[in-house]
Structures are given as structure tokens and as C-alpha cells.
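Dear colleague,

Please find below the structure that I am handing over to you. My findings follow directly after it.

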Amino acid sequence: MDQTELTQIAPERPDDIKAVPVRRPGRWLGAFIVLVIAASIVRAVVTNKNFGWSVVGQYLFDHRIISGAIAVLYMTALAMVVGVILGTILAIMRLSPNPVLKTASWLYIWFFRGTPLLVQFVFWFNIKALFPHIDLGVPFGPSFIHADPNSVITVFGAAFLALSTNEGAYMAEVVRAGIISVPEGQSEAAASLGLNRLQIMRKVVLPQAMRVILPPTGNETISMLKNISIASVIGFAELYYQASDIYAQNYETIPLLIVASIWYLALTSIAYVGQYFLERKVGQGFSRSQQATMKERWLSLGAGGGGGLR
Amino acid sequence: MSDVMVKAEGVHKRFGANEVLKGITLTVDRGEVMCLLGPSGSGKSTFLRCINHLEKINSGRLSVDGELVGYREANGKLYELHERVVAQKRQEIGMVFQSFNLFPHMTALQNVTLAPTLVRRRGREEAERRACELLDRVGLKDKYHAHPVALSGGQQQRVAIARALAMDPKLMLFDEPTSALDPELVGEVLDVMRDLARSGMTMVVVTHEIGFAREVADTVVFMDGGVVVEAGSPAEVLGAPKHERTRSFLSKVL
């Protein structure tokens, strides 16, 4: 309909509605209770001497702590990249029509998801007990590459192998969920244009699957950040290892755990920011309106907020 | 060059125990527009999907432009074609789907240029120039950079037609192209298809739009239960149907 047509029917636009909003005492009461609880927690944390805030401040930027945090960040980035690549390959294998590839992928996922990460760390670290020599070549035939496991399986190497192979198994399921979430009509339309399987996967299916893949990948990244602390059992000098090393000498256990926790929170926050921007990027074309920004969401809390389903 | 574009002889297709096509025999000439009519479940969409090998036929022979679909015949034996060859052959057959199937993560222009740049290895500029021409032709001059979600159903289907035409196909398949559209939007898609038919494109159209079939089709084929019940000019099949089944179907849809 046309603007002019509308004005002809209703020449005078009535005033905007100014109604008295519904009183919601329950909301105020709820907010009050939560604030009281929060205040008492803050009071306990600030006044309790045992938290040792001065010690926390003293060690927060200690060079050992910083190097531990850098090790966590570095290892997460490295193992996550390899895990995502491995997971994508495993997911595609699992969805392939080839029964050998399918079964191999299933077995891999079954094994690495089914054993504790702690065991995998120790296992990789002790792999030289199982394979005193590393020879790469034809099975039962000649070998081409010889290596000493001691040179490959350093503490860092064992931690990296354990984390990335384990992550590959979890990411395989995440990527598979993403791929099967893309409607079959998309592949059919691409096939009818003459794209081959690889092109369909790369240009049509995976870019759309990313929308489903990203949120659980954020979860995985955050899990890994924290799971790296398990690698302290094989002596990997990450954040928790460094903190425990310090409190083993000065007995300031709680303050140093707080220091480590502050850094873990800071590192996971980085993952949040990365996820937010990546999700915005892959979400293009899936929603008519741009999603509400943080600011708009908080503003809508204050104003009315009675209507709608949420 | 033969004048026959699609030739089907005794084409059968089963899904498990369910036989969907029970011996389809028909030919589509170069430049011909054929409309396939029939109730749902009659096998018309399945037959259309067999033509570009989205479905494998179980028996019979099906060929496009003189070459078997999905197979190669030598010394009296059939050899399955490699996926790569199947993909190559599909480049020459455009297909338009009931649910549009536009790529939602790409703009209209990117949807149209994807296959020419990726499969035909055309330069970006050349592909974009051609894509703009095609989008202009289907009346979407101002929608180059819109994502599918921002387009109406009719606009999406017109982008899908432009996308198929960008590969310069020798044959266009339409699988109920207007069935998912609001009644108001059906006309704009049929207009584009009418223009395409006038330009001499060979088209096989599965449709419920009897009016379109009457006006545009050279041949109308009525299918039911996996067989061709009758085929002929629109005047014959729609004007004076010989079979009771055709008559009762037409009386319900008209």
C-alpha cells in the first residue's frame, strides 16, 4: 500500500499510547535478594585475610606465572589448529561412502573419546617404552625414516600430541554435526551446477556448517585451555604447574591458585571475544536483521520488557 | 548433431522395494518445451532428477544429447562414469528446484558467479559482467548484493534461474519451480520461464500450472503411478484428454 493512500484513509494519526506500566514487585524483590547475596560474597572475599590479596598482587605478574600463561595460550592455539584440521578430516571420512574410511574414523573417535585425557598424556610421554625406535615405511617392508623417540617426545611434544589427537576426536563430532545440519538441497543445487564433491564441500557445505560448528568449538577451546593443566603431571610448565611450583616453596597455596584462576579467566575471555567476532562473520546471510548489540540488550532490560516471549 | 535432446526408453527407478518409475519412454527435441503433469507421487520429479543423474536409474536407457546419462557403453557393456565426468556433464544441464536452494551465505551475484568461476574457470570480471546481464534479464537489477534471506520467494527463484543460466546450459530442468511461492509471486517466475522458452531453450518442466503448460509447452505429458498415461500437444492432452485418469486429474486442478 502507498503512503498517500494510507493518509487519505486516516488523515489524523492518533497520539502515541502513554499507559501506566504494570507494577512488578516480584522483579524488584528478586533483584534485591540477588544484590544482598552478592554484597555478602564481596564482603567475605574482601575482609577475609586468608585470601591473601597482597600475595596475589605480588605474584600476579611474576615472570614464572606469565610464562605459564603464555605456554597455555601457545599450546591451546597450536593443538586447537591441529585438532580442528584432524577433526575435519575425520568427519569427512566418517561421512564418506567408503566403509574402510568410515570405520577407521569411528574407531579413532571411539578410542580417543573413550580414554581419559590424563592417561593419554602419560601414555604419549612414555611412548618410548612401547616404541624404542621410530621407523616410517612400508608395513613389514623397508623403512625410510628413522628417529629417536627421545628427540620427538619431549614434554612439550607429548603434551601437544595428546591434546591435538584427543581434540581431533571431539572436533570430528562437532564438524560432523555441522555438515549434516546443511540441507541436502544445497549439495544437490551445487552438484547440478557441475561442482565436484570437494568443491561442494569447500564452497557450499562447510561455510554454512561453520554456523553450527563455531559455538561448540568455543566450548572446546575453553575446555582445552583448562585441560592443559592436566599436563602438569608430565611436567609441562604451564600456568597451574608454575603456580603450584611457587606455593610448594612459600606455602601460599590459596593466593597462588587465585593468581592462576585470574589468568585462566583472562585467557578464556580472549576465547569469548574471538568466538563473538567469528560468529558474526559466519552468520552473514542467515538473519534478516543484524542481531541486537550488547548495549541494546541491557537497555531493553530496563524499559518495559513485558511483551514478547523472551 | 541430432535433434533429440533427451531420450528415455523404458526407464525404471526403484527406491528399495518401491518402484517409482515403471518404464518411461519419451523424447524431448532440441528447442522443445515439455511440461510434465501428474499427481504427487506419480514419479515426475524423480524422472526429472534422473535426467541429470541426481538419481540413478535401475533399468532402461536414458540419454541427453546422444550420450547416456551416468554410463558409457562399449563392446555391449555399460561402464559407470567417474564422478568427475558426471559433474562435467551436469554443467550443461541447468536445474531449478522447488525450494530454490540458493546458497544463503552468498549474495545474489555470488550465487550466480560461483559455478562459472569455479567450474568453468572464467575470470571474475567476465563472470560478474555476465551475471549482471542475467540478473537484469530476470528483473533483479537492484538486487546484486542482496543475500537470499532478504529476497522474496519469487526473487529467490529468479536468482536460481539466473544461476543455472550462467553455465550456458543446453537443457533446463524445472522441478515445480512455483509450488513454494505465494500466489502473487508465481507470475513473475512464469514470466521469466516464458521468455526463456521463447529464446529457444530446451526445457523440461514439472509443474502444476496448467495455464502455463497450455500456453508455453510444445508437449504435455501426463504421468501417473510411474508411467506416462498420455502425451501430446497441449490441445490434445489438456483440451481433449483421451484417458479417464487424465480427465479426472484435470477436472480437479482446473
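This is a predicted model: local features need pLDDT of at least 70, side-chain atom pairs count only at pLDDT 80 or more; totals for chains, interfaces and linings use all residues.

Aromatic pairs

Over all chains, the structure contains nine aromatic pairs. One of them joins A:Y108 and A:F112, whose rings lie 4.5 Å apart centre to centre with 35° between the planes, a tilted arrangement. Both residues belong to helix α5 of chain A, which spans residues 99-114, and because they are four residues apart there, about one helical turn separates them. A:Y108 and A:F112 are both buried; for A:F112 the relative accessibility is 12%, and since buried means under 20%, this residue qualifies.

A:F112 also pairs with A:F111. In this case the ring centres are 5.2 Å apart and the planes stand at 85°; planes over 60° apart count as edge-to-face, so the pair is placed in that class. In contrast to the buried A:F112, A:F111 is partly exposed, with a relative accessible area of 42%.

Elsewhere in chain A, one aromatic cluster is formed by A:Y74, A:F156 and A:F236.

Charges over rings

Chain B provides two examples of an arginine placed over an aromatic ring. B:R72 lies over the face of B:Y79, at 4.8 Å from the ring centre. B:R163 has its charged end over the ring of B:F103, at 4.5 Å from the centre of that ring.

Contact of α4(A) with α12(A)

Helix α4 (residues 63-95) and helix α12 (residues 239-250) of chain A have axes that come within 7 Å and cross at roughly 155°. Angles over 145° count as roughly antiparallel, which is why α4(A) and α12(A) are described in that way. On the α4(A) side, the contact involves A:R64, A:I65, A:S67, A:G68, A:A69 and A:V72; on the α12(A) side, it involves A:L239, A:Q242, A:A243, A:I246 and A:Q249.

Leaving aside residues up to four places away in sequence, A:S105 touches A:L90, A:M93 and A:R94.

Yours sincerely

Definitions and conventions: Residues are numbered from 1 along each chain as its sequence is written. Chains are lettered from A and ligands numbered from 1 in the order in which they are written. Side-chain values use heavy atoms; hydrogens and water are left out. Rings of Phe, Tyr and Trp (its six-membered ring) pair if their centres lie within 6.5 Å; planes under 30 degrees apart count as stacked, over 60 as edge-to-face and the rest as tilted. Helices (H or I, at least four residues) and strands (E, at least two) are DSSP runs, numbered from the N terminus. Buried means under 20% relative accessible area, exposed over 50%, partly exposed in between (1.4 Å probe, protein chains only). A charge sits over a ring if NZ of Lys or CZ of Arg is within 6 Å of the ring centre and within 35 degrees of the ring normal. Axes are lines fitted to C-alpha atoms, for helices over the stretch in contact, and angles run from 0 to 180 degrees between N-to-C directions. Angles under 35 degrees count as roughly parallel, over 145 as roughly antiparallel, 65 to 115 as roughly perpendicular and the rest as oblique. Contact means heavy atoms within 4.5 Å.
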